[in-house]
Amino acid sequence: MLRNRGASIFLAWIIVCMIFLAVITLVTVLLTNSLSKQWIHVVDNVITVQVPEADLKSQINDNITRLGSTLKILRGIPGISKIKIFDKQETLKLLSGWLSESALKDLNLPRLLEIKLHKAVNVPRLEKQIKAVVPGVSLDDHSRWKTNLALLITMMGDVGWVFLGLILIVCLTSIIFTVVMTISSNKEIISLIHLIGGGSEFVGRICQVYILKVTAPAALLGTCIAILTIFVFHQHLHNLFPSLVTEKLFNGGTTLILWDWCLIASTPLIFTIFSLVTVRASVLILIRKN
Amino acid sequence: MVRFQDVEVCYIDQKPILSNINFEIKPNSFHFLAGKSGAGKSSLLKMMYLALAPTKGRVDLFGRDIKGLKRFEVSNMRKRIGIVFQDFRLIENISIRENVALPLRIFGAQEKVIRRHVPELLDWVGLGDHLETFPAALSGGEQQRVAIARAVIARPSLLLADEPTGNVDDKLAERLMYLFEELHRAGTNVVVATHNENLINDFNYPVLHIVDGSLISKL
Ligand SMILES: Nc1ncnc2c1ncn2[C@@H]1O[C@H](COP(=O)(O)OP(=O)(O)OP(=O)(O)O)[C@@H](O)[C@H]1O
Ligand SMILES: [Mg+2]
């Protein structure tokens, strides 16, 4: 019944783009959240011990004895469930991703131990204890890395929500704009409806139907394009970094869980509800003003 | 039902087009409203459907002074009034079926009721084959009949028809008058504004005659 071609084409495009951005943002936030949990889980309750090569001044010059002494102390500590010793080859492999082969050749590599804990251990005290016997040994419980990662993820999440808020504001402003345009370009029909006895409620309802016919398909299209983009992009990322990015985007827990996907899929629905409320409110205000 | 007391109307900065208007339309009545072109028939009807406020005097509708009505009260009163506009005011981009259904939708009637009543009435006014046609594809007389069907579909208690037979031949005019009479018998108050003397003579109903801005009742 209402007609406003120009404004509805404008609105449809805005909504497609905005919902696309919203879904991408949402997926980014959810994905970083779940990936960070995954990474933090890997280093949770793990301590890495570095036993450097003996230098000339050391009291215990024998590398094997240094490693042995360290292990001996560690084995006496309650709360340690597993100790994994990395040999030279494995250590080289760990570093090969970061340094070139020639650089690695000249490097005096420390021996690495990975300790799995089943109970909290006082890391600084343990380090002191080992250092007293084997100087140069250092312990790292990755707490700094974990704190930084958590901070980064929280920040990304906050930025994501601000971004989503801005997107919603743009969408709702465009909807209000379209409603204002539509009401003013359909004055005759609206005044006829008033004369027949249709109040602002009825006008609100036909405006809702009108806007819904534009925004609902646009929101759905935006969501579909976004999800498609995410799958393509994810495949690309997986090919580039197979060890960091899992092959499947959805595998029940390690990446996006069902709940995350429900949230993503409900984006157009949530948006539609917001837009219907906005249309109704703006029509009521506009008509009351006239 | 409708009562005018010492009503005067003037459009902005002009001399009054109607003054000293006094009359009453009792429930269950049928009136003609006559007068030359430009006499003020449409303006008088506009006051009755609350689209024009009197500059002086008092208008009562359904037993209430129309001054100071709240927005929802105006809507509720208009729901009881059927209007045939002189310029039809059909909505161009929906079919005539949807045009006629509009009052029922405003009333919140069930889809089932709308689907039954609208074709029935359009059939009655001779447009049963044009349900899905758009107003622009109809002749002036056909559009007028759509406007009449829209005005009466919701069974108003007051029907205000502004030149409802202006664009149809005498035979069809008579047929439309029978429709109004039928509604009248069913309890609708009818006011037909017209300058068709034949119509006024053929049907024996009281006439409100506007002459030089004043009302002369011929009963
Ligand atoms: N909105 C308006 N603003 C100013 N003057 C108006 C307006 N509407 C009507 N008039 C004037 O009021 C007078 C009465 O107009 P009205 O339409 O009521 O006449 P009418 O009896 O219905 O005429 P007709 O038979 O031609 O339809 C006319 O002189 C017209 O010019
Ligand atoms: Mg007129």
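I'll walk through a helix pair in chain B and a sheet in chain A. Keep in mind that this is a predicted model.

Chain B first. Look at helix α3, residues 96-107, and helix α4, residues 111-124. Their axes come within 10 Å. They cross at roughly 125 degrees. That angle makes α3(B) oblique to α4(B). The crossing of α3(B) past α4(B) is right-handed.

Which residues meet there? From α3(B), we have B:Ile96, B:Arg97, B:Val100, B:Ala101, B:Leu104 and B:Arg105. From α4(B), their partners are B:Glu111, B:Ile114, B:His117, B:Val118, B:Pro119 and B:Leu122. Sort the residues of this contact by type: 8 are nonpolar, 1 is polar and 3 are charged.

Now chain A. Here 4 strands form an open sheet. The order is β2-β3-β1-β4, and the pairing is antiparallel. Which strands sit at the edges? They are β2, residues 80-86, and β4, residues 138-140, and each pairs on one side only. On average, neighbouring strands of the sheet are turned by 20 degrees against each other, ignoring direction.

Let's zoom in on one pairing. Strand β1 of chain A covers residues 46-51. β1(A) and β4(A) run antiparallel, joined by 3 bridges.

Helix α3 of chain A, residues 88-96, lies across β2(A) and β3(A). Strand β3(A) spans 111-117. Against β2(A), this helix runs at about 85 degrees.

Terms used:
Residues numbered from 1 in each chain as written. Chains lettered and ligands numbered in written order. Predicted model: local features only at pLDDT ≥ 70, side-chain atom pairs only at ≥ 80, totals over all residues. Heavy atoms only, no water. Axes fitted to C-alpha atoms, helices over the stretch in contact; angles between N-to-C directions. Helix = DSSP H or I, 4+ residues; strand = E, 2+ residues; numbered from the N terminus. Parallel < 35°, antiparallel > 145°, perpendicular 65-115°, else oblique. Left-handed = near helix turned anticlockwise from the far one by under 90°. Contact = heavy atoms within 4.5 Å. Nonpolar A, V, L, I, M, F, W, Y, C, P; charged D, E, K, R; others polar. Pairing = 2+ DSSP bridges.
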